[in-house]
Amino acid sequence: MWQKNSGKSESEILQNLFTAYLTTSVKRRRDAYIQQAVRIQQMESVEDDIQYIQEQEAEEDMFRGLPLPMQLEDSALLYALKGINERERHVFLARVLDERSFESLAEEMGLGYKGVATIYYRAVGKIKKKMKELRK
């Protein structure tokens, strides 16, 4: 079943690095979403709408200018998040974005600590697998 990760073996170090990568990617995506939402709220006229569209196109152009692996990581993460079920997505995003503990999630969902931890690590595994599929 579930074992504590001591971070000493090569596979545990790799798992910790991947989890850190996922956490950072999701947090950056959240921050970009929040910034976009703030920009939309600040728009008051049609002229501002046109300016927003031009900015969004400029951002997309900048994204296209990035090296291919950087483009794939973002789209691969989105693809992977869409590929997991709603419960796994909720646990994963609550853990990564809201930085909630397994205990609070377990209480909310009516599960045990190990049950929520299993869902989280299963979601991480599925995300990792789907991202590898997309890269191939």
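Predicted model: local features only at pLDDT ≥ 70, side-chain atom pairs only at ≥ 80, totals over all residues.
Me: Let's begin with helix packing. At what angle do the axes of H5 and H6 cross?

Reply: For a pair of helices, look at how close the axes come and at the angle between them. Here helix H5 (residues 102-109) and helix H6 (residues 113-135) have axes that come within 8 Å and cross at roughly 105°. Angles of 65 to 115 degrees count as roughly perpendicular, so H5 and H6 are roughly perpendicular to each other.

Me: Which residues of H5 and H6 make the contact?

Reply: On the H5 side they are Phe 102, Glu 103, Leu 105 and Ala 106, and H6 brings Tyr 113, Val 116, Ala 117, Tyr 120 and Tyr 121. Sorted by class, this contact has eight nonpolar residues, no polar ones and one charged.

Me: Now for H4. How do the axes of H4 and H6 cross?

Reply: The axes of H4 and H6 cross at roughly 95° and come within 9 Å. H4 and H6 are therefore roughly perpendicular to each other as well. From H4, the contact draws on Arg 87, Glu 88, Val 91, Phe 92, Arg 95 and Val 96. The H6 residues in this contact are Val 116, Ile 119, Tyr 120, Arg 122, Ala 123, Val 124, Lys 126 and Ile 127. By class, the contact of H4 with H6 holds nine nonpolar, no polar and five charged residues.

Me: On to charged pairs. How many salt bridges does the count give?

Reply: The general idea is that side chains of opposite charge can pair when their charged atoms come close. In this model the count comes to five salt bridges. One of them joins Glu 86 and Arg 89, with the closest N and O atoms 2.7 Å apart. Both residues lie in helix H4 (residues 86-96), three residues apart, which is about one turn of the helix.

Me: Is Glu 86 buried or exposed?

Reply: Exposed: the relative accessibility of Glu 86 is 55%, and the cut-off for exposed is over 50%.

Me: Which residue does Glu 108 pair with?

Reply: Glu 108 forms a salt bridge with Arg 100, and their closest N and O atoms are 2.6 Å apart. Glu 108 is partly exposed at 42% relative accessible area, and Arg 100 is partly exposed at 23%.

Me: And how far apart are the closest N and O atoms of Asp 31 and Arg 30?

Reply: They are 3.6 Å apart in that salt bridge. Asp 31 counts as partly exposed, at 36% relative accessibility, and Arg 30 is partly exposed too, with 27%.

How values were computed. Residues numbered from 1 in each chain as written. Heavy atoms only, no water. Axes fitted to C-alpha atoms, helices over the stretch in contact; angles between N-to-C directions. Helix = DSSP H or I, 4+ residues; strand = E, 2+ residues; numbered from the N terminus. Parallel < 35°, antiparallel > 145°, perpendicular 65-115°, else oblique. Contact = heavy atoms within 4.5 Å. Nonpolar A, V, L, I, M, F, W, Y, C, P; charged D, E, K, R; others polar. Salt bridge = Lys/Arg side-chain N within 4 Å of Asp/Glu carboxyl O. Buried < 20%, exposed > 50% of the residue type's maximum accessible area, 1.4 Å probe, protein only.
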